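Student: I would like to learn how to read side-chain features in a model. Please take me through one case.

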Amino acid sequence: MTIKVFGHKSPDTDSTGSPIIWAWYLSEVKGTPAKPVLLGEPNTEAAFVLKRWDLAKPEIITDVAAGDTCVVVDTNNPAELPASINDANVVQIIDHHLLAGGLKTKGPIDITIRPLACTATIMHDLMGDDTHRMPDSIKCAMLSCILSDTLEFRSPTTTPHDRAVAEKLAGELGISIPEYAAELFAAKSDVSAFSDAELLRMDSKEYTVEGVDLRVSVLETTSPKMVLDRKDSLMASMADVAKEDGADQVLLFVVDIIKEEATLLVPNETVKKIAEASFGCTVSGDTVVLPGIMSRKKQIIPALKM
């Protein structure tokens, strides 16, 4: 039986690269057949990483079966996983998010959840001395995941250990972190080919706050104007996306990587109320700038209130 290794829906770089890294480790080091799979199309940055380092794009699956053996990485939230996840045999979870609850397994499993910025950093630690066996392509995937999740160490989720692992990998590979991060963020910022609905779902997670179901979307970019120039059509699409996805509201935060701030689109009174209650700001138009806000996990989700 080949183990399926996958991350969350709407795969970003970490949820694309980490399954590749861990499937390599299980297969090539542990001798346990495993393959990476995705739960959707990788975003533009993740697609760039695959092409840049000649990594095969994993198969995209829509669900799992009762007979599937699975390893879940970069999430433990059932809302971000296949509908039939509790029917499959989940044997391991590797993650760096809060413990969401709701997963039911067929037996005791190996769970590692650590307060680091990136799943790939945790994988580096779990490999121990076996990290020297990683080929350059796997090292490049790992470095890409860390630089993406830390926004080149700008994100408040960044720990000294994430940075140390990234710098170690970059040194071994002979890669300039600033130059490569610029390539990553340029790829992340090119969203011109995507529809409004695709942008609203591109990097999005579902959360319930005081009984209100929210789709909380983040677009990290070095070119926020490209997204904000579309704010009218994006806000017009929010109602349809919310209805189709069973949410009450869609929140879209456009994160400016360079200025280290987020702009929240404010399409209605409910989102205005959420913004003012959550971030202590005053909203006077259809957007509000939130200085210093860069992390959904650490700064946005914990702050949300009605």
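Student: Which side chain does a polar contact of 3.0 Å join to that of Ser15?

Tutor: This is a predicted model, where local features need pLDDT of at least 70, side-chain atom pairs count only at pLDDT 80 or more, and totals for chains, interfaces and linings use all residues. Residues are numbered from 1 along each chain as its sequence is written, and side-chain values use heavy atoms, with hydrogens and water left out. A polar contact is a pair of N or O atoms within 3.5 Å; within protein, one must be able to donate a hydrogen and the other to accept it, and residues adjacent in sequence count only if both atoms are side-chain atoms. Here the partner of Ser15 is Asp74, at 3.0 Å between side chains. Asp74 also has a side-chain polar contact of 3.0 Å with His96.

Student: Is Asp74 buried or exposed?

Tutor: Buried means under 20% relative accessible area, exposed over 50%, partly exposed in between (1.4 Å probe, protein chains only). Asp74 has 1% relative accessibility, so Asp74 counts as buried.

Student: How many aromatic pairs are there?

Tutor: Rings of Phe, Tyr and Trp (its six-membered ring) pair if their centres lie within 6.5 Å; planes under 30 degrees apart count as stacked, over 60 as edge-to-face and the rest as tilted. By this rule there are three aromatic pairs. One of them, Trp22 with Tyr25, is tilted, at 4.7 Å centre to centre and 40° between the planes. Trp22 and Tyr25 are both buried. In another, the ring planes of Trp53 and Tyr180 meet at 65° with centres 5.6 Å apart, so this pair is edge-to-face. Trp53 and Tyr180 are both buried.
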